[in-house]
Amino acid sequence: MYKILKIAIASVALVCCAATSFAQNESTGVVRRRADRNAPKQQDGTVVTERMQNFFTGENSSISDADRQWMRVIYRSIDLDKDRNAPLYFPEEPVDGQENLFRIIMRLLASNTVPAYEYLDGREIFTDKYRIKTRDVLDRFYIPYTEAKGSTEKNPRFNIDENDVPTNEVLSYYVVERWEYDTRNNRLRPVVEAICPVLHRTGDFGGDALKYPMFWVKFSDLRPYLAAQTIFVDDDNNLPTCTYDDFFTLNMYDGDIYKTRNLKNKSMVQMYSDPDKLKKAQDSIQSRLDDFEKKLWVPSREEVIAAREAREALAAAADSTASVEKAKTSPSRVSARSTKRSTKRENPRKEKKAKVSKPKTTSSSSNATRSVRRRK
């Protein structure tokens with residue numbers, strides 16, 4: 001009897017401990033899952049699970065074709081010399097776990113983690129037919145490498161020394177954007193589709209640097225790794241509060257439009273040879289993209305009043321400037337007209353006065369002479 005009672009007390013104690021631990025987990029909201037042993041681990045310790053890859057490359061990465069009612073493809077050139085694009089270039093060397101964008105891309109490409117595709121002349125085809133080999137890329141752009149441990153013919157891997165990565169020559173990027181109108185959310189959003197690093201190299205005899213586009217990498221393949229790398233975006237805040245994924249997803253970069261998808265597959269330079277016309281066309285495309293979403297919504301009462309006040313202010317400013325210009329020009333015109341009229345009117349008056357001053361014979365003298373003649 002004593003043994004049965006002891007066993008019952010022990011079981012009750014175990015049930016109470018399990019309930020207490022369950023309640024603590026529920027209160028803290030901590031959910032513990034078994035780590036994915038098959039997840040690839042990068043050199044910096046970053047682990048990207050299959051769940052993370054599905055989150056960025058699955059349904060959450062883009063809207064469905066049924067909800068997409070309008071789309072326009074824009075090609076931009078991101079110049080790293082601009083201050084707004086500096087987070088993509090600095091730091092040149094890895095510092096405290098911070099790497100620039102090109103080092104991350106080359107590390108993933110060398111470990112055969114993400115595929116790269118051939119840069120065609122104005123066309124992007126992301127299929128296995130146009131997938132390029134990492135060895136060909138390294139040989140084409142003269143980047144030294146060695147075979148990594150465990151490299152095979154089907155899964156080639158390479159080691160690239162940090163000093164051999166040409167980060168100082170990658171001074172720009174080409175980006176393909178899809179501006180999509182989502183009918184489900186009723187909003188227009190830009191989505192980065194692919195990124196292409198561009199090398200700037202001078203020839204043996206110097207001169208201007210030539211641009212060499214290297215390869216295309218799909219942004220959806222890079223997102224799990226870019227989301228794990230924090231960057232600095234502001235000199236006033238020294239905390240890395242942003243990631244590379246946020247930098248591209250929120251369109252925090254500044255890029256010039258060099259092409260739009262068209263039937264003839266022509267770039268902006270081919271269609272507009274004049275620099276002024278080219279700049280005007282680029283601004284026109286950007287303004288249409290910015291105003292597209294605004295035209296979808298009916299303005300509120302406050303917006304209508306604000307727009308009317310702005311128009312009235314512009315009209316008042318235009319009237320004031322016109323009145324000032326009229327006041328400046330009116331005195332000279334009036335004086336010129338008055339002088340002309342005075343000169344025309346003075347001459348006839350003088351002539352009339354001269355005629356009046358001449359002596360005239362009166363009618364009485366003529367009558368006197370006549371009477372004398374009759375008397376004789």
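**Cores, helices and confidence**

Guide: This is a predicted model. The largest nonpolar core in it has 40 residues, and Tyr173, Phe215 and Phe248 have the most contacts inside that core.

Visitor: Which elements give two or more residues to this core?
Guide: They are α3 (101-110), α4 (134-140), β6, β7, α5 (219-226) and α6 (244-249).

Visitor: And where does the largest share come from?
Guide: From α3, which supplies eight residues.

Visitor: Why would nonpolar residues gather like that?
Guide: In soluble globular proteins, nonpolar side chains tend to be buried together.

Visitor: Back to Tyr173. What does Tyr173 touch?
Guide: Leaving out residues up to four places away in sequence, Tyr173 has contacts that include Leu101, Phe102 and Ile105, which are buried residues of α3. Others that Tyr173 touches include Arg76, Ser77, Ile195 and Pro197.

Visitor: How many residues of α3 are buried?
Guide: 10 of the 10, so α3 is largely enclosed by the rest of the structure. The buried residues include Arg103 and Arg107.

Visitor: What follows α3?
Guide: Asn112 follows, and its phi is positive, near 60°.

Visitor: OK, new topic. What about α8?
Guide: Helix α8 covers residues 275-292, which is 18 residues. At 1.5 Å a residue the helix should span 26 Å, and its end C-alpha atoms are 26 Å apart, so the two agree.

Visitor: Which residues of α8 are buried?
Guide: Leu278, Ala281, Gln282, Ile285 and Leu289. Viewed down the axis of α8, these buried residues fall within an arc of 100°, so they line one face of the helix.

Visitor: And the other side, buried or exposed?
Guide: On that side of α8, Asp276, Lys277 and Lys280 are exposed.

Visitor: What covers the buried residues of α8?
Guide: The cover includes strands β1 (68-79), β6 (170-182), β7 (187-203) and β12 (255-260), along with helix α7 (268-271).

Visitor: Last topic. What is the mean pLDDT of the protein?
Guide: The mean pLDDT is 80, and 70% of the residues reach 70 or more.

Visitor: Where is the pLDDT below 50?
Guide: One such stretch is residues 21-35, which has two contacts in the model beyond near neighbours in sequence. Over residues 361-369 the pLDDT also stays under 50, and there the model has zero contacts beyond four places in sequence.

Visitor: What should I do with stretches like that?
Guide: Where pLDDT is low, the predicted coordinates should not be read in detail.

Note on methods:
Residues numbered from 1 in each chain as written. Heavy atoms only, no water. Helix = DSSP H or I, 4+ residues; strand = E, 2+ residues; numbered from the N terminus. Expected span 1.5 Å × (residues − 1). Buried < 20%, exposed > 50% of the residue type's maximum accessible area, 1.4 Å probe, protein only. Arc of directions from axis to C-beta. Contact = heavy atoms within 4.5 Å. pLDDT = per-residue confidence, 0-100. Core = buried A, V, L, I, M, F, W, Y, C linked by side-chain atoms within 4.5 Å.
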